[in-house]
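Reader: I would like to learn how to read strands and helices in a model. Could you take me through this one slowly?

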Amino acid sequence: MKGQQVLYFITGNNNKFAEVRDMLPNVKQLDIDLPEIQELDPEEVVKAKLIEAKRRRKGAFIIEDTSLYINSLKGLPGPLIKWFLQSLGVRGLAELACKYKNRTAYAKTIVGYLDTKGKYHFFEGVVKGKIVKPKGNTQFGWDPIFMPDGFDKTFAEMSTDEKNMVSMRKKAITKLAKQIKMK
């Protein structure tokens, strides 16, 4: 990053931070609790958090929101995935999706970047796949039931390196990294 401007990734999730730090080595973690609005548009969720972060302190920030969209459920749970998992659990969500013939799904990460001039930037990464019965162990909620297209493993069954090669978070962070280097 030019000028050695500190870039903070606001998250309390150490696993997400580790993934992002692997892609942006100079990023620092900032663990502050920000309210999360309930909204079907993940960009609005991220923007609301960036606005609150900007209100609380100065600096350049990134915040991400990762959603799971199940096509047979008309895109639900989307950004509401946290609440679906709290209510149904991973197994329950898989059972619900597996009741339908169409098990296709996609995972989407929206990374919001607030630069030091107060301008908002958004970057998206998407991975298509399908919902399967839970397989593998993970630190991430729905990884055991999401199998990306072209693979015979769920995210939970993949090594960190394997997952990072195809992850929606990596796709979004890669776009962010290009934007930062252009400045």
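Reader: How many bridges join β6 to strand β7, and in which sense do the two run?

Author: In this predicted model, β6 and strand β7 (residues 146–148) run antiparallel and are joined by 3 bridges. To find the place by eye, look for K130, which stands opposite M147 in β7.

Reader: Which residues make up the other strand that pairs with β6, and over how many bridges?

Author: In general, side chains in a regular strand alternate between the two faces of the sheet. Here strand β5 (residues 104–114) pairs with strand β6 (residues 120–131) in the antiparallel sense, over 11 bridges. L114 stands opposite Y120 in β6, and the hairpin has 5 residues between the strands, among them G118, which takes a positive phi near 85 degrees.

Reader: Now for helix α2: which of its residues are buried?

Author: As a general idea, an α-helix has 3.6 residues a turn, so residues three or four places apart point the same way. In α2, the buried residues are P42, V45, V46, K49, L50, E52 and A53. They cover an arc of only 165 degrees around the axis, which puts them on the same side of α2.

Technical notes. Residues are numbered from 1 along each chain as its sequence is written. This is a predicted model: local features need pLDDT of at least 70, side-chain atom pairs count only at pLDDT 80 or more; totals for chains, interfaces and linings use all residues. Side-chain values use heavy atoms; hydrogens and water are left out. Two strands pair if DSSP finds at least two bridges between them. Helices (H or I, at least four residues) and strands (E, at least two) are DSSP runs, numbered from the N terminus. Buried means under 20% relative accessible area, exposed over 50%, partly exposed in between (1.4 Å probe, protein chains only). The arc is that of the directions from the helix axis to the C-beta atoms.
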